[in-house]
Amino acid sequence: MHESVPDFEMPTEEQVHLAAETFRLLADPTRVKVLWALLQGESSVACLADLAGAAPTAVSQHLAKLRLAGLVKGRREGTFVYYSAANDHVRSLLAQALFHADHIDRDIPALHSAGKPHRPATR
């Protein structure tokens with residue numbers, strides 16, 4: 001059946017593996033909160049821990065994994081490390097996930113753009 005679709009393409013095995021790994025890393029509420037905070041601007045582990053409602057050691061471990069996956073980057077200033085989202089791809093990925101969650105959860109029609117992060121609904 002797919003043979004009849006013009007220009008049909010499948011991703012490479014490496015692309016599939018890396019995409020699945022990215023989704024696996026984002027399958028944690030603390031990591032989603034941390035990334036959302038980092039999309040607002042650079043932050044320290046202590047600040048991120050407060051925002052995510054998690055222990056600084058746990059947030060530090062999450063950041064290490066996110067950094068290795070290329071989703072966040074760190075900048076050292078003296079003894080402190082300040083983290084930020086790695087690039088606009090991270091912004092788009094998380095914005096799409098939150099957009100989808102908001103529309104599934106509240107059954108909202110897709111009338112507005114998901115191209116930029118929006119404030120998640122408060123309840």
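## The β2–β3 pairing

In this predicted model, Val 72 has Ala 85 of β3 as its bridge partner. The two strands, β2 and β3 (residues 80–85), are joined by 6 bridges. They run antiparallel.

## The sheet

β2 and β3 belong to an open sheet of 3 strands. The order is β1-β3-β2. The pairing is antiparallel. Strands of a sheet pair through backbone hydrogen bonds, in either a parallel or an antiparallel way.

Which strands form the edges? They are β1 (43–44) and β2 (72–77). Each of these pairs on one side only.

## Helix α2 over the sheet

Helix α2 covers residues 29–40. It lies across β1, β2 and β3. Relative to β3, α2 runs at about 90 degrees.

## Helix α2 against helix α3

Two packed helices are described by the angle between their axes and by the distance between those axes. For α2 and α3 (residues 45–52), the angle is about 120 degrees. Their axes are 9 Å apart. Angles of 65 to 115 degrees count as roughly perpendicular, and those over 145 as roughly antiparallel. The pair α2 and α3 is therefore oblique. The crossing of these two helices is right-handed.

Which residues make the contact? From α2 come Thr 30, Lys 33, Val 34, Ala 37 and Leu 38. From α3 come Leu 48, Leu 51 and Ala 52. By class, the contact residues of α2 and α3 divide into 6 nonpolar, 1 polar and 1 charged.

## A positive phi at Asp 7

Asp 7 sits in the segment before α1 (13–25). Its phi is near 55 degrees. That is a positive value in a residue other than glycine.

Is Asp 7 buried or exposed? Asp 7 has a relative accessible area of 75%. The cut-off for exposed is over 50%, so Asp 7 counts as exposed.

## The whole chain

The protein has 5 helices and 3 strands. Along the sequence they follow the pattern α-α-β-α-α-β-β-α.

How many of the 123 residues count as buried, in percent? The share is 28%. Contacts tell about separation along the chain. Take the contacts between residues at least 6 apart in sequence. Among these, 46% join residues at least 24 apart.

Key: Residues are numbered from 1 along each chain as its sequence is written. This is a predicted model: local features need pLDDT of at least 70, side-chain atom pairs count only at pLDDT 80 or more; totals for chains, interfaces and linings use all residues. Side-chain values use heavy atoms; hydrogens and water are left out. Axes are lines fitted to C-alpha atoms, for helices over the stretch in contact, and angles run from 0 to 180 degrees between N-to-C directions. Helices (H or I, at least four residues) and strands (E, at least two) are DSSP runs, numbered from the N terminus. Angles under 35 degrees count as roughly parallel, over 145 as roughly antiparallel, 65 to 115 as roughly perpendicular and the rest as oblique. A crossing is left-handed if the near helix is turned anticlockwise from the far one by less than a right angle, and right-handed if clockwise. Contact means heavy atoms within 4.5 Å. Ala, Val, Leu, Ile, Met, Phe, Trp, Tyr, Cys and Pro count as nonpolar, Asp, Glu, Lys and Arg as charged, and the others, Gly among them, as polar. Two strands pair if DSSP finds at least two bridges between them. Buried means under 20% relative accessible area, exposed over 50%, partly exposed in between (1.4 Å probe, protein chains only).
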